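Let's work through some salt bridges together, one exercise at a time. Have the model open beside you as you go.

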Amino acid sequence: MTRLNKRPALLLFLLVLAILAPLGHGNYIIYVLTSWLIFSIAAMGLNLTLGYAGQISLAQASFMAIGAYTTAIMTLAGWHWLIAAPVGMVLCFLVGLVLGYPALRVKGHFLAFVTLAFNTLVFLVLRNEDWLTGGSYGLSSMPRPDFYLFKTLKQLPFYYFTLAVTVVAALVLWGIVRSPWGRAFKALRENPVRAESLGVDTRRITLLAFAIGSAYAGLAGALVSPLVQYIDPGSFGLSQSLRILLMVVVGGSGFFFGPFVGAAVVILLPEMLRFTAGYYLIIYSALVIVMLAYVPNGLIGIGTRLRERFWPQHRARGDLAKGAQLK
Amino acid sequence: MTAPALSVRNISKTFGTIRAVNDVSFDVRTGEILGLIGPNGSGKSTLFNCILGQLPPDGGAVHVAGQQVSGSRACDLSKLGVGRTFQQLSVFPQMSVLDNVILAGQEHHGSMLSRLFGKPDAGLTADAEKMISFFRLEHLRDELAGSLSYGQQKLLDAAMAFMAGPGLVLLDEPAGGVNLTMLAHLKERLQTYNAEHGTTFVVIEHNMEFVMSLCSRIIVLAEGAIIAEGTPDEIRSNQQVIDAYLGG
């Protein structure tokens, strides 16, 4: 079977696995699995901004907050999730465009601090504007989406609803990164001066990288709201942004499936280590340090590294092929 | 009378107290291959960067095919048909050779939205393969650009500069660090492209043999100003040029 044939088969297998995963489990496990999917969406967005386009952002949780609060406020006012969620995403897209402007002037650590400041700003607005956001008490009792024939009130249907949204979000992102836009994002990451000289409008593509990445965080927030049915500013602080960044880095920045792996490590691994009682966070932290030290390109690259080590394929570069045959 | 492919008028650039480029003016005719030479620190690269909008000049104007382009962004210049190569290696190392060349052409086709919803290769694979073959890199089509040798990356850089079919290409030290075999190949490809497409070249180069055999006219810069202009033979025998290079 060729590599091309293997990939759809593997994806189908993983999808079936995701469908079967919650069966036979209690509400808490299903809740954790749903959280994994939601954070995968947020990490997918950051992976576009950081992994593909090379623009650091420490504000992903604040966009989740904008998506979550927009959805919460609208659904509490009687709007359907199908209307509230896109509104939240569009709002995040627009705010992401605005946040992208500093990225046109500052890079690297300085940009990280700009986005960090934005995260703090959003937190303070959510905490202080209690007439709209409920302040420190937050908002509660948001309804879950009801599609008449398919209600998501219970944990399992909501998991499948989230899975469907995740699959659609992943397919859309796959389309973006495979399109000429995706090539321009990578060019921006690798050599912005050269990209600009080839006609790539690096200003526009930088803003789009922020805006699309932010819209994905908005979608994740729109799902968090009905999942938890209670949100407060503390749920979207800097530590949450750092967690999403960790998901992207641990999973494999710039790899399409990296966010899923990274979110699994950050969300699922601590739960799997709970049997160690009070030590689980210590073990989890130690494992993350080891992973970052030994697989700095992310876990998604482990398969390739293992294959190269134990089943190396002696493939020569095109112009060296004849030389390689002389061995 | 048609406008020159490139017209540079009274360009000056100062860094602190150092005048890097001092009131430089010249024209480049359509289809011409012009060499721009000078000792290190003579202001060649600064002049290039002022022409290409990567440094704002203190004064003066640049016209491409009669159109004022002073202050234009590099991406806008590219869309006006101005290509360039860089002194340093300037390919996208984590992308394949084919993707590098497609990228170089994609922004010149369709709109922003059509590039999102259209074909992943923007319908440019065949054209990109032709350009890759033109520079005889077809056996490396699917390799990562970063895995190519220095000379091959220089060729790829040139292929990328030509992909959008520019009318004017500015080449910044294309021969730098390239071995003799690859150099002869690069020169032959540039000459062929110039003959086939009538593309105008401006070449900054330190390799005298390369520039003398490639260019039909040469401008010599020293201390930010033009000190000589003429055919390769005239430049070879110009005492002011010899003095500038030998420090006389």
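**Exercise 1.** Are Asp201(A) and Arg73(B) buried or exposed?

*Solution.* Both Asp201(A) and Arg73(B) are buried (buried means under 20% relative accessible area, exposed over 50%, partly exposed in between, with a 1.4 Å probe and protein chains only). Next, look at the contact: Asp201(A) and Arg73(B) form a salt bridge, with 3.0 Å between the closest N and O atoms. The term stands for a side-chain nitrogen of Lys or Arg within 4 Å of a carboxyl oxygen of Asp or Glu.

A word on the source: this is a predicted model, where local features need pLDDT of at least 70 and side-chain atom pairs count only at pLDDT 80 or more, while totals for chains, interfaces and linings use all residues. Side-chain values use heavy atoms, without hydrogens and water, residues are numbered from 1 along each chain as its sequence is written, and chains are lettered from A in the order in which they are written.

**Exercise 2.** Which side chain meets Arg141(B) in a salt bridge?

*Solution.* The partner is Glu129(B), at 2.7 Å from N to O. Arg141(B) is partly exposed at 24% relative accessibility, and Glu129(B) is partly exposed at 30%.

**Exercise 3.** How far apart are the closest N and O atoms of Arg136(B) and Glu188(B)?

*Solution.* They are 3.6 Å apart, in a salt bridge. For accessibility, Arg136(B) is partly exposed at 42%, and Glu188(B) is partly exposed at 29%. To finish, widen the view: salt bridges with shared partners link Glu196(A), Asp201(A), Arg204(A) and Arg73(B) into one network.
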